[in-house]
Amino acid sequence: MAQTTISIRMDDGLKKEFDSICNELGMTMTTAVVMLAKKMSREKRLPFEVSIDPFYSEANMKALHESMEQMNAGKTVTKTFEELDGLADE
């Protein structure tokens, strides 16, 4: 079977971490990427769940910006445990 080369751009820190994990698992990054490609080709899907980090939700970002504005204005920023729990659930 003919081989081909692909080029992937990623953050240097991510590459180093990925390479380190692959080495710990006894494989190269190339092997890991080929395994991903084979699994995706076989299953016709991503082999893991993709979701959005809830930290970056619109409600959380709004609360964060409001808190930053209060802090910059010299006001004390306070939240009750109930308010914090409510933000975590959004």
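Student: Which residue does D12 form a salt bridge with?
Tutor: K16, with the closest N and O atoms 3.1 Å apart. A salt bridge here is a side-chain nitrogen of Lys or Arg within 4 Å of a carboxyl oxygen of Asp or Glu. Keep in mind that this is a predicted model, where local features need pLDDT of at least 70, side-chain atom pairs count only at pLDDT 80 or more, and totals for chains, interfaces and linings use all residues. Numbering runs from 1 along each chain as its sequence is written, and side-chain values use heavy atoms, leaving out hydrogens and water.

Student: Where do D12 and K16 lie?
Tutor: Both are in helix 1 (residues 12–24), four residues apart, about one turn of the helix. Helices are DSSP runs of H or I, at least four residues, numbered from the N terminus.

Student: Is K16 buried or exposed?
Tutor: Exposed, because its relative accessible area is 55%; the cut-offs are under 20% for buried, over 50% for exposed and partly exposed in between, using a 1.4 Å probe and protein chains only.

Student: How many salt bridges in the whole structure?
Tutor: Four. One of them pairs K39 with E43, closest N and O atoms 2.7 Å apart, and both of those residues lie in helix 2.

Student: What else does E43 meet in a salt bridge?
Tutor: R45, at 3.1 Å, N to O. Shared partners join K39, E43 and R45 into one network.

Student: New topic: where's F48?
Tutor: In the loop between helix 2 (29–43) and helix 3 (58–72). F48 counts as partly exposed because its relative accessibility is 47%.

Methods:
Helices (H or I, at least four residues) and strands (E, at least two) are DSSP runs, numbered from the N terminus.
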